[in-house]
Amino acid sequence: PDCNEAYRILPNLDPKDLISAKVQLVDKILDGHFGNGDESINVKADPNNKVVIFGYNLVASEHMFKYMARKSQAIHYKAGDETALLRFRSDPEIKILVADENSLKEGINLQVASRLIRLQTLWTPGSQEQALSRVMRPDPRGQYNRDAINYDWILTLNSIDIAKTARLISKIIDKAKIDEYDNPNWKKVSSKLSSVELLRMNLDL
């Protein structure tokens with residue numbers, strides 16, 4: 001939402017109340033990542049590496065970029081904006097990429113980042129894996145100084161986020177029963193999941 005417009009309509013509201021709680025949580029995660037955050041949220045500091053923030057659609061990514069505290073260190077990618085990607089990869093002052101992941105073309109490499117923050121839940125395992133693969137690609141030449149890839153998946157309690165995530169996890173498990181059937185590692189955990197049924201999206205979920 002546009003805080004200024006909403007404030008004119010509802011003048012008794014504090015404009016800050018119209019900023020998503022997810023934006024405020026992401027601000028805390030970024031503070032932790034860059035080494036000056038609140039220890040209570042348990043974020044591993046990795047200040048030498050960059051961060052990618054994915055919204056599922058343009059509205060989410062624009063809202064994030066507009067109201068984030070570290071906007072001066074960030075760049076907002078929109079469909080086809082190769083300049084934004086180049087700056088994110090090469091400019092040491094640009095540490096955060098905010099993007100609508102639906103607008104990213106296949107093959108885009110974001111290995112320069114060591115943290116991926118997801119603002120929304122996707123509907124399918126394939127979309128989830130594609131987004132992760134942009135950051136979690138092999139680095140055989142050792143170009144990137146990353147000990148680990150940190151993945152923050154932000155959900156809102158008592159919202160559609162929970163239903164979508166439950167459905168997604170259910171689909172991932174159901175898919176693994178076929179794709180990983182002969183994988184010995186899968187066999188070690190599959191017995192614990194044998195009773196898990198595929199969730200259907202309905203009003204009772």
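How many helices and how many strands are there in the protein chain? There are 7 helices and 5 strands. Helices (H or I, at least four residues) and strands (E, at least two) are DSSP runs, numbered from the N terminus. This is a predicted model, in which local features need pLDDT of at least 70, side-chain atom pairs count only at pLDDT 80 or more, and totals for chains, interfaces and linings use all residues. Residues are numbered from 1 along each chain as its sequence is written, and side-chain values use heavy atoms, with hydrogens and water left out.

**Overall layout**

- From the N terminus on, the elements run α-α-β-α-β-α-β-β-α-β-α-α.
- The protein chain has 205 residues, and 40% of them count as buried. Buried means under 20% relative accessible area, exposed over 50%, and partly exposed in between (1.4 Å probe, protein chains only).
- Take the contacts between residues at least 6 apart in sequence: 65% of them join residues at least 24 apart. Contact means heavy atoms within 4.5 Å.

**Around Thr-121**

- Thr-121 lies in the loop between strand E4 (113–118) and helix H5 (125–135).
- Its relative accessible area is 1%, so Thr-121 is buried.
- The side chain of Thr-121 makes polar contacts with two side chains: that of Trp-153 (3.0 Å) and that of Thr-165 (3.0 Å). A polar contact is a pair of N or O atoms within 3.5 Å; within protein, one must be able to donate a hydrogen and the other to accept it, and residues adjacent in sequence count only if both atoms are side-chain atoms.
- Not counting residues up to four places away in sequence, Thr-121 touches Trp-153, Leu-155, Asp-161, Lys-164, Thr-165 and Leu-168.

**Aromatic rings and charges**

- A search of the whole structure finds 1 aromatic pair. The rings of Tyr-151 and Trp-153 have centres 6.1 Å apart and planes at 25°, so they are stacked. Rings of Phe, Tyr and Trp (its six-membered ring) pair if their centres lie within 6.5 Å; planes under 30 degrees apart count as stacked, over 60 as edge-to-face and the rest as tilted.
- Tyr-151 is partly exposed, at 29% relative accessibility. Trp-153 is partly exposed too, at 28%.
- The charged end of Lys-164 sits over the ring of Tyr-56, 5.5 Å from its centre. A charge sits over a ring if NZ of Lys or CZ of Arg is within 6 Å of the ring centre and within 35 degrees of the ring normal.

**Around Phe-88**

- Phe-88 is found in helix H4 (residues 82–90). It counts as buried, at 0% relative accessibility.
- The charged end of Lys-50 sits over the ring of Phe-88, 5.4 Å from its centre.
- Phe-88 and Leu-110 are 22 residues apart in sequence, yet 8.9 Å apart in space, C-alpha to C-alpha.
- Beyond neighbours within four places in sequence, the contacts of Phe-88 include Val-51, Ile-75, Ile-96, Leu-110 and Val-112.

**Helices H5 and H6**

- H5 and helix H6 (residues 160–179) pack at an angle of about 90°, with their axes 9 Å apart. That makes H5 roughly perpendicular to H6. Pro-125, Gln-128 and Glu-129 of H5 meet Leu-168, Lys-171, Ile-172 and Lys-175 of H6.
- Axes are lines fitted to C-alpha atoms, for helices over the stretch in contact, and angles run from 0 to 180 degrees between N-to-C directions. Angles under 35 degrees count as roughly parallel, over 145 as roughly antiparallel, 65 to 115 as roughly perpendicular and the rest as oblique.

- Asn-158 is found in the loop between strand E5 (150–153) and H6. Asn-158 is exposed, at 82% relative accessible area.
- Its phi is near 55°, a positive value in a residue other than glycine.
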